[in-house]
Amino acid sequence: MASPGPLIGATDAAPPGSVDIHEGDNLVVSRMLADASFTLIYLDPPFNTGRAQERSIETARSAASVPPTAERIVRRGFHGREYERIRGDLRVYDDTFDDYWSFLEPRLLEAWRLLADDGTLYLHLDYREAHYAKVLMDALVGRERFLNELIWAYDYGAKTRRRWPTKHDTILVYVKDPKSYWFDSEAVDREPYMAPGLVTPEKAERGKLPTDVWWHTIVPTTGREKTGYPTQKPEGILRRIVQASSRPGDRVLDFFAGSGTTGAVASALGRDAVLVDHNPDAIAVMRERMPHARVFAEPGR
Ligand SMILES: C[S@@+](CC[C@H](N)C(=O)[O-])C[C@H]1O[C@@H](n2cnc3c(N)ncnc32)[C@H](O)[C@@H]1O
């Protein structure tokens with residue numbers, strides 16, 4: 001695996017934040033973490049790869065193991081009855097998605113429990129899952145808590161000629177409290193105007209605030225950032241998220257951590273990160289990428 005170079009943001013003023021890496025199932029590890037203790041949670045669950053196998057195990061396990069707090073949220077809190085009804089309706093359209101959601105639901109409930117009162121949850125999905133997930137998330141936590149749908153558009157790889165080539169991911173953004181959440185647009189790196197001639201030279205020089213459509217390259221196949229982990233996300237995407245939705249000193253959680261992009265970026269920007277992954281390869285990549293991290297073995301081992 002390529003050894004990653006210096007991090008984007010490593011020169012920012014804040015001293016690097018701490019990083020704790022946990023090896024293990026995120027449902028198990030998340031239960032060891034305190035309520036409302038993270039300002040920012042970014043989740044990038046696996047898409048459909050290996051879903052069928054994992055789902056049958058997780059469905060059985062999750063039914064038995066939704067923690068009391070989480071269960072309270074779904075069954076009695078927020079939109080309990082409505083949620084169950086909507087989930088039932090979606091099952092009729094796509095039972096494959098329903099199986100996938102059985103894996104995700106208990107984890108999303110844990111994420112919601114862990115999210116601070118001013119916190120923000122980013123849920124990174126692909127186009128096959130984003131729409132069902134949006135409907136279910138609205139019903140689960142309340143539509144009024146939905147903040148944004150971010151489109152990350154890239155342009156890489158083979159292109160079909162039978163339809164519009166799909167070259168984007170969707171990131172759904174929810175806030176714990178729509179009246180009081182942390183969002184600092186001033187802290188976000190600006191980007192060039194598409195038509196700089198239409199604005200004043202000062203504005204063109206300063207650049208524009210990114211909108212909800214983010215054109216950003218995938219992790220280059222060669223280069224500083226590449227770790228070799230197959231599903232690695234670009235630091236530039238996480239950098240915007242961390243800059244906007246957390247402050248230096250805040251705690252950031254990613255419990256589908258993979259190569260640890262969230263932790264690497266958060267730490268470089270002075271946030272404290274907690275990362276979880278059950279794949280030993282991911283743990284090895286993260287160790288190399290963040291030599292300053294503390295690594296904890298799988299609970300019960
Ligand atoms: C899409 S990848 C995340 C990639 C990451 N955002 C990055 O930039 O490298 C999803 C990760 O979730 C991990 N994962 C899947 N199910 C898990 C579970 N139940 N507990 C912990 N990790 C899990 C996989 O091992 C994989 O590394």
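Trainee: Let's start with S2, residues 38–43: in which sense does this strand pair with S7?
Mentor: Strand S2 and S7 pair in the parallel sense, over 2 bridges. Strands count as paired if DSSP finds at least two bridges between them. Strands (E, at least two residues) and helices (H or I, at least four) are DSSP runs, numbered from the N terminus. Before we go on, this is a predicted model: local features need pLDDT of at least 70, side-chain atom pairs count only at pLDDT 80 or more, and totals for chains, interfaces and linings use all residues. Residue numbers start from 1 along each chain as its sequence is written.

Trainee: Thanks! And which residue of S7 is the bridge partner of Ile41?
Mentor: Leu253 is the partner of Ile41. S7 also pairs with strand S8 (residues 272–277), again in the parallel sense, over 4 bridges. There, Val252 stands opposite Ala273.

Trainee: What does the chain go through to get from S7 to S8?
Mentor: The chain passes through helix H9 (residues 261–268), and this β-α-β crossover is right-handed. Right-handed means that, with the strands pointing away from the viewer, the path from the first strand over the helix to the second runs clockwise.

Trainee: What about H8, residues 235–245: how many of its residues are buried?
Mentor: In H8, 10 of 11 residues are buried. Charged names turn up among them, including Glu235, Arg239 and Arg240. The classes here are nonpolar (Ala, Val, Leu, Ile, Met, Phe, Trp, Tyr, Cys and Pro), charged (Asp, Glu, Lys and Arg) and polar (the others, Gly among them).

Trainee: What covers the buried residues of H8?
Mentor: The cover includes S2, S7 and H9, together with strands S3 (115–126), S4 (146–153) and S6 (213–215).

Trainee: Changing topic: which strand does S3 join through 7 bridges?
Mentor: S3 is joined to S5, and the two run antiparallel. Leu121 has Tyr174 of S5 as its bridge partner. S4 and S5 are antiparallel as well, over 7 bridges, with Trp152 partnered by Asp169. S5 itself, residues 168–175, has 6 of its 8 residues buried.

Trainee: Over in H6, residues 127–141, where does Arg128 sit relative to Thr170?
Mentor: Their C-alpha atoms are 9.8 Å apart, although 42 residues separate the two in sequence. Arg128 counts as partly exposed because 16 other C-beta atoms lie within 10 Å.

Trainee: And why is Ala133 called buried?
Mentor: Ala133, also in helix H6, is buried because 23 other C-beta atoms lie within 10 Å. Leaving aside neighbours within four places in sequence, Ala133 contacts Leu123, Leu125 and Leu172. Two residues are in contact if their C-beta atoms, placed from the backbone, lie within 7 Å.

Trainee: Which residues are closest to the ligand?
Mentor: Phe256, Gly258, Ser259, Thr261 and Asn279 are the closest of the 17 surrounding residues. A residue is near a molecule if its C-beta atom, placed from the backbone, lies within 6 Å of it. By class, the shell has 5 nonpolar, 8 polar and 4 charged residues.

Trainee: Last one: where does pLDDT stay under 50?
Mentor: Residues 1–11 are one such stretch, with 26 contacts beyond four places in sequence. Residues 49–66 also have pLDDT below 50, and that stretch has 20 contacts beyond near neighbours in sequence. pLDDT is the predictor's confidence in each residue, from 0 to 100. Where it is low, the predicted coordinates should not be read in detail. The chain as a whole averages 87, and 84% of the residues score at least 70.

Conventions. Buried ≥ 20, exposed ≤ 12 C-beta atoms within 10 Å, placed from the backbone.
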